Amino acid sequence: AEAAALAAATEASWEREQPTALASREETMDGSISLGQTVTWNGRQGVVRYIGGLKFAVGEWVGLELAEAEGTHDGNVLGVRYFECAPKHGVFAQTTQLEVGAGPSGTLADVVTTTPAASALAAIPTPLQDAACKGEAEKPEPTIVTPQTETADASAAIAAAAAAVLAAEEAEAAAAAAVAEAAAAVKAERPTTVISKEETEDGSISLGQTVTWSGTQGIVRYIGGLKFSAGEWVGLELTEATGNHDGNVLGVRYFQCAPKHGVFVQTPQLEVGGASPSSTPVEDAATPAASAPAAVTTPADVAASEEEEEAKPETLLESKEETADGSVFLGQTVTWSGRQGTVRYIGEAQFASGEWIGLELTEAKGFH
């Protein structure tokens, strides 16, 4: 009874409570892979247990339960449960990495599906099993089993099972740490600030030059491409708060200015008027803002301005029902950069010219 209680306690420590599992699709988007199918990945056979998105990577992924303990997890990665399998039997791969038709669908005879504790206990041979392996099952050696011997054997089995549980937990933690480190490395490589060119391609506009846009004077603070639009753009710091941003748009910093003083325009929209700051004294500027970033020299000033702007009510722009060419309409499900989303806005944007589409993504992979 004591040995059974110890075994039950060891089993309970392994079967910990897991977070809510993500629902899998029945098949991949191209229909080539389906749940329960047997495939080959890097020469290793496995069964498809999950198809869908991951919290730590972009795109569609396939979760496999490998036949051998050559994976990195048990279907739980970074606290999210995608599927269930034995420790070190789980791996995620993409469709292009898989070969179909490696064996009978949905069966892996050699996949370990029991808990490590049960596996460890089952792996301990009894004297009868040991004799059968040696061909001596018919004439087993007489063995005197005392209560003390039975308890000692059970304790050894429990200790071995506990060691297996600990090793599996350590392997899972190491795999999760490796995934987290890789995700952090990818995130660290993403640029947070974009470097400006010195002048436009036609040489008509240069950094620091004073120009006029829609009757408002401004200073050129950025020249180059934008993450959200093609072509060459000019970033201006306006002398008045008639812009749309502070030089940061959709999480990317192009230049620095006070809130609502930044705007992006294209060269044909600008009039070259007034001398550049290099030849005009600061005292001659029309307003303090035109003399450069003196108004944003401290983080406290910027924070105060942003809080004041956030306190103002938002302006809600009215959307069109469909795009100008009729190819996209409100409420339609579309895909952008491998991410699925629903069309929530069609029309102009205040931070750039042209027609734009606002999407609500199915996952938290957006900017606002």
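**Entry 1: terms and model.** I count Ala, Val, Leu, Ile, Met, Phe, Trp, Tyr, Cys and Pro as nonpolar, Asp, Glu, Lys and Arg as charged, and the others, Gly among them, as polar. I note that this is a predicted model, in which local features need pLDDT of at least 70 and side-chain atom pairs count only at pLDDT 80 or more, while totals for chains, interfaces and linings use all residues. Residues are numbered from 1 along each chain as its sequence is written, and side-chain values use heavy atoms, with hydrogens and water left out.

**Entry 2: the second largest pocket.** I looked up the second largest pocket and found a volume of about 500 Å³. A pocket is an open set of points on a 1 Å grid over the protein atoms alone, with protein on both sides within 12 Å along at least five of seven lines; a cavity is a set where a 1.4 Å probe fits but cannot get out, and lining residues have an atom within 4 Å of a point. Points are joined across faces, edges and corners, and a volume is the space filled by probe spheres set on them. The pocket is lined by 22 residues, and those closest to its centre are R25, G52, G53, T362 and E363. By class, I recorded nine nonpolar, seven polar and six charged residues in this lining. Strands β2 (44-52) and β16 (339-349) each supply at least two lining residues of this pocket. Here strands (E, at least two residues) and helices (H or I, at least four) are DSSP runs, numbered from the N terminus. The largest share of the pocket lining comes from β2, with three residues.

**Entry 3: the cavity.** How many cavities of 30 Å³ or more does the structure hold? I found one. The largest cavity contains about 40 Å³ of space. I listed its lining as T72, H73, N76, V77, E172, A175, A176 and V179. Both β4 (76-77) and α4 (147-189) supply at least two residues of that lining. Helix α4 gives the most to the lining, namely four residues. The classes here are four nonpolar, three polar and one charged.

**Entry 4: aromatic pairs.** Rings of Phe, Tyr and Trp (its six-membered ring) pair if their centres lie within 6.5 Å; planes under 30 degrees apart count as stacked, over 60 as edge-to-face and the rest as tilted. One of the pairs is Y82 with F92, edge-to-face at 5.1 Å centre to centre and 80 degrees between the planes. This pair links distant parts of the chain: Y82 sits in the loop between β5 (80-81) and β6 (90-93), F92 in strand β6, ten residues apart.

I next recorded Y222 and F264, an edge-to-face pair with 6.2 Å centre to centre and 85 degrees between the planes. Because Y222 lies in strand β9 (residues 216-226) and F264 in strand β13 (residues 262-265), this pair ties together parts that are 42 residues apart in sequence. Y222 and F264 are both buried. I also noted that Y50, Y82, F83 and F92 form one aromatic cluster.

**Entry 5: strand β9 and its neighbours.** Eight of the eleven residues of β9 are buried, so the strand is largely enclosed by the rest of the structure. Strands β8 and β9 run antiparallel and are joined by four bridges; two strands pair if DSSP finds at least two bridges between them. T212 has Q217 of β9 as its bridge partner. On the other pairing, β9 and strand β10 (residues 229-238) are antiparallel over seven bridges. G224 has W233 of β10 as its bridge partner. A hairpin of two residues joins β9 to β10.

**Entry 6: positive phi.** Which value does phi of S214 take? It is positive, about 55 degrees, although S214 is not a glycine. S214 lies in the loop between β8 (210-213) and β9, and the hairpin of these strands has two residues between them. With 62% relative accessibility, S214 is exposed. L250, also a residue other than glycine, has a positive phi near 55 degrees. I located L250 in the loop between β11 (248-249) and β12 (252-253). At 24% relative accessibility, L250 is partly exposed.

Methods:
Buried < 20%, exposed > 50% of the residue type's maximum accessible area, 1.4 Å probe, protein only.
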